[in-house]
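Visitor: Could you take me through the helix packing and the charged pairs here? Please keep the terms defined as we go.

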Amino acid sequence: AADPELAERIDAFVIQMGERVDQLQDVEIDGDLVLLRDLSEKFAAESRELGYEPLAQAAQRIVAACLERSPEAARKSLTELTELSQRVRRGHSSSA
């Protein structure tokens with residue numbers, strides 16, 4: 001990224017991604033679909049803003065599942081987001 005500030009934001013986003021996905025998983029296990037929807041919406045917006053459209057789409061599927069009050073669909077979509085986030089973190093140069 002040519003913009004150093006954007007590069008820093010992307011680094012911070014990727015570095016924090018594991019913790020954020022863990023938090024989504026904890027909330028999903030607790031069955032709190034309202035909080036899961038809110039956190040997933042924030043994650044989707046930030047992912048989209050930083051150019052991670054596949055992550056944003058995966059997070060939006062969690063939001064949709066929560067709105068449908070479908071814990072099974074939320075869990076499935078969260079599994080997809082988890083796998084995708086692991087690939088992004090592995091592919092990101094700054095995260096070890």
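Guide: Axes are lines fitted to C-alpha atoms, for helices over the stretch in contact, and angles run from 0 to 180 degrees between N-to-C directions. Helices are DSSP runs (H or I, at least four residues), numbered from the N terminus. The model is predicted, so local features need pLDDT of at least 70 and side-chain atom pairs count only at pLDDT 80 or more, while totals for chains, interfaces and linings use all residues. Residues are numbered from 1 along each chain as its sequence is written, and side-chain values use heavy atoms, without hydrogens or water.

Visitor: At what angle do α3 and α4 pack, and how far apart are their axes?

Guide: Helix α3 (residues 53-67) packs against helix α4 (residues 71-91) at about 165 degrees, and their axes are 8 Å apart. That makes α3 roughly antiparallel to α4, a label for angles over 145 degrees.

Visitor: Is the crossing left-handed or right-handed?

Guide: The crossing of α3 and α4 is left-handed, meaning that the near helix is turned anticlockwise from the far one by less than a right angle.

Visitor: Which residues meet there?

Guide: With contact taken as heavy atoms within 4.5 Å, the α3 residues include L55, I62 and C66, and those of α4 include L78, L81 and V88. By class, the contact has 13 nonpolar, two polar and two charged residues. Here Ala, Val, Leu, Ile, Met, Phe, Trp, Tyr, Cys and Pro count as nonpolar, Asp, Glu, Lys and Arg as charged, and the others, Gly among them, as polar.

Visitor: Changing topic, how many salt bridges are there?

Guide: The count comes to seven, where a salt bridge is a side-chain nitrogen of Lys or Arg within 4 Å of a carboxyl oxygen of Asp or Glu. In one of them, R9 pairs with E49, with the closest N and O atoms 2.4 Å apart. This pair links distant parts of the chain, as R9 lies in helix α1 (residues 4-30) and E49 in helix α2 (residues 33-49), 40 residues apart.

Visitor: Is E49 buried or exposed?

Guide: E49 is exposed, at 53% relative accessible area, whereas R9 is partly exposed at 35%. Buried means under 20%, exposed over 50%, and partly exposed in between (1.4 Å probe, protein chains only).

Visitor: What does R20 pair with?

Guide: R20 forms a salt bridge with E46, the closest N and O atoms being 2.7 Å apart. R20 is in α1 and E46 in α2, 26 residues apart.

Visitor: And which residue does R48 meet?

Guide: R48 meets E53 in a salt bridge at 3.1 Å, N to O. Elsewhere, salt bridges that share partners join R61, K76 and E80 into one network.

Methods:
Helices (H or I, at least four residues) and strands (E, at least two) are DSSP runs, numbered from the N terminus. Angles under 35 degrees count as roughly parallel, over 145 as roughly antiparallel, 65 to 115 as roughly perpendicular and the rest as oblique.
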